[in-house]
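This report describes a structure for a reader who is new to the subject. Please look at the sequence and the model before reading on.

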Amino acid sequence: MNRLHRFFRTPEAIAGALILALLIAMALAAPLLFSGDPQAIAGPALLPPFHDWSLPLGTDRLGRDVLAELFHGARTSLAVGLAAAAAALLIGAVIGTLAGFAGGLVDEVLMRITDAFQTVPSFLLALAFVSIVGPSLGVVVAAIALGAWTGPARVARAEVLSIRERDYVAGARVIGMHPLEIAFREVLPNALPPVLALSSVIVAAAILTEAALSFLGLGDPNRVTWGGMIAEGRTVLRTAPFLSIIPGVSLVLTVLGVYLAGEGVVESTAVRRSLS
Amino acid sequence: MSEFTISRRGLLAGSALLLASTALPTIGFAQTPKKGGRLTVAADSEPRNLNPAIVASNGVFFISSKIVETLAEASFDGKDGLEPRLALSWEGAPDGLSVTFKLRDGVKWHDGKPFTSADVAFSALQIWKPLQNLGRTVFKDLAAVDTPDELTAIFKFAKPTPFQLIRNALPALSSVVPKHLYEVGKIEDNPANNAPVGTGPFKFAEYKAGQYYRLARNDAYWGKDKPYLDEIVYQVLPDRTSAAAALEAEEIQLAAFSAVPLADLDRISKVPGLKVVTKGYEGLTYQLVVEINHRRKELADLKVRQAIAHAIDKDFVVKTVFLGYAATATGPVPKNDPQFYTADVPTYAFDVAKANALLDEAGYKRADDGKRFALKLLPAPYFNETKQFGDYLRQALAAIGIDAEIVNNDSAAHIKAVYTDHAFDLAVGPPVFRGDPAISTTILVQSGIPDGVPFSNQGGYKNADLDALIAKASETLDTSARTELYKEFQKKVAADLPLINVAEWSFISVARDTVGNIANNPRWAVSNWADTYLAG
């Protein structure tokens, strides 16, 4: 309760939480409000928004309902963002903990691998990965996670390096716990908060990367994505700009919401830390 | 007296008005061509090999047809739809075993050497027949080219070859390249493939990768006073949306091959100083085709193919995907072809209920989730319209319970997936009709084609009847009998549906009003532009 209270002290956090809540509501409501295929042809092509109230945001080049596409696109964006961030955090935390706790050669090897991944621009990595394996939702998630796990790995390692010298770790060693058990049951949980603080940035970046991949035609073509909608709309940018603007604005708001909410969480935990 | 003056003035004003009104829709015809100037044109691709004798494709012709000329060019009003270029006349022997070309006198290559029948013989035997993508089929029986004198070339065929086919092939397949440059070394690696040397009105000047191609006037061109332009610059604008902006900003004066997206045409036609021209592509008809992999047991069933044909609303495709700039198709020959087209073929009206009934009959009942079976659909990535039609087709198939999964590939991967690996169930392809079904159309349904030949029957379709018909037509010399056979061919294809023809479309040019003499032949964008000019 107290933490929630602290979270809602800043207006940014409230705004972020509101946007995020709306987005999640959209994603959850999509199959209820717009059951059936969002890519089905629903009306005349290129109907402008606010003309026909059964198609409030108009239709695209083939006559598909933009509002339905927007709702289903929210689903894809959020799913990809969360799944990619979760995968990146998991890989990062495990590799960071192993490297930090084991030290020596293992640390060297794992960190050089991390360096190697970090030196390749993550978007290029995702592009190359998707164009080789072929675009589908799982591949896109993997491609984004592949470029995003290095940050969490480095933070986790730094945190582990300081935690492993603590008394309770030494205590665990003395009572004869297995090193891996110490690493993942004693050290990792305590090293996690700063790693999780990265999640909002990663989710936001993942949503943007997914949109960029779809824009370049490397998204899953059988799903509605906002990036794909923008790319579709781009060919008619001068005659029907709303087709690019509507998903574009949604994308900006989503990333902003995720970021602000993430900041709010970090702020509230930081206050708690300084208080304790 | 005064009455007379008034009436004369009235007459003058009236006739001027009349003149202006005829000039309005076809600006340029009433003006006398002006010499000089640089025409800047949008180019959306950068072909590496610019030799049209090897790569007979519109992307290459667009640039190199100004440099390297063919024996004849397509024409709106010439005899048999042709107009002389390097050849002045052509005549086929009654036995179909030879064709005699009389060549133009006084033609010089861009490097100053004279053009002779030896160049024609060399191009035909060493390049068109063994190396050219289209020539391989048309000239397969070419055995020798006799050159009794410098201006006569006699093509000798081992088997009777219809003269009609050779004639129809001349505009696209007969680019003549200089023997003296190509006879040394490997033809495929010749430097002239990247910097072509020809006899045309323009010389290749320079190419900056990612920026432009520049062609300069050939002062020694055989056409009197031609060409009118000093230079043609092809500005590379790979992004389709930028061509319209570049036209409005007067950075370019012409965007051919629908470089301006169809959705933008309505708006851009209202911009003062710009004109939208739909003529000049009659000889370059693209066909929107659903390619079918007959190895899939469901698709090998004629009822399923008929159901798919009934599920496609061709009018919707023309109206929505092509915004009206296309025509619905009935079969493998486009409606605008003057020689071969027949409307007397089985047709498939848009009828979802009938399609569903056909699928039920074929034994593919809907499962509990409403789906009958799943398919992989590969839309060709070359055009926006093929991709959009892919999206439409997925929806049309969903309506009849076929769950199509779209697989997107880039151009190279698409060609490999469809024509080499056969890793598709349905594909959307844009084959080109080139004035004669034997050039690039029969190959789409004929069996026995080796794997890996792009734009051919790679769907495993085999129909002995149809193969026999194609073989018979290829050796029928009489023009009207041959035409009848191809009408039969259209009927058979429309009945058995080895592939489904959905629509036929051509391209649109957008040009500034100052560009004159455009669209004056059926292959204008890929013709030599010797008479194109810039006014004012």
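## Basis of the report

The model is predicted: local features need pLDDT of at least 70 and side-chain atom pairs count only at pLDDT 80 or more, while totals for chains, interfaces and linings use all residues. Residues are numbered from 1 along each chain as its sequence is written, and chains are lettered from A and ligands numbered from 1 in the order in which they are written.

## Chain A as a whole

Chain A contains 12 helices and 0 strands, where helices (H or I, at least four residues) and strands (E, at least two) are DSSP runs numbered from the N terminus. Its C-alpha atoms fill a box of roughly 75 × 45 × 30 Å along the principal axes.

Of the 276 residues of chain A, 45% are buried, that is, 20 or more other C-beta atoms, placed from the backbone, lie within 10 Å of the residue's own.

## Helices α3 and α6

Two packed helices are described by the angle between their axes and the distance between the axes. In chain A, the axes of helix α3 (residues 66–102) and helix α6 (residues 137–148) come within 8 Å and cross at roughly 45°. Helix α3(A) is therefore oblique to α6(A); angles under 35 degrees count as roughly parallel, over 145 as roughly antiparallel, 65 to 115 as roughly perpendicular and the rest as oblique.

Residues of α3(A), including Val80(A) and Ile91(A), meet residues of α6(A), including Leu137(A) and Ala148(A).

## Contact between chains

The contact takes 18 residues from chain A and 17 residues from chain B, with residues in contact if their C-beta atoms, placed from the backbone, lie within 7 Å.

Notes
Axes fitted to C-alpha atoms, helices over the stretch in contact; angles between N-to-C directions. Contact = placed C-beta atoms within 7 Å. Buried ≥ 20, exposed ≤ 12 C-beta atoms within 10 Å, placed from the backbone.
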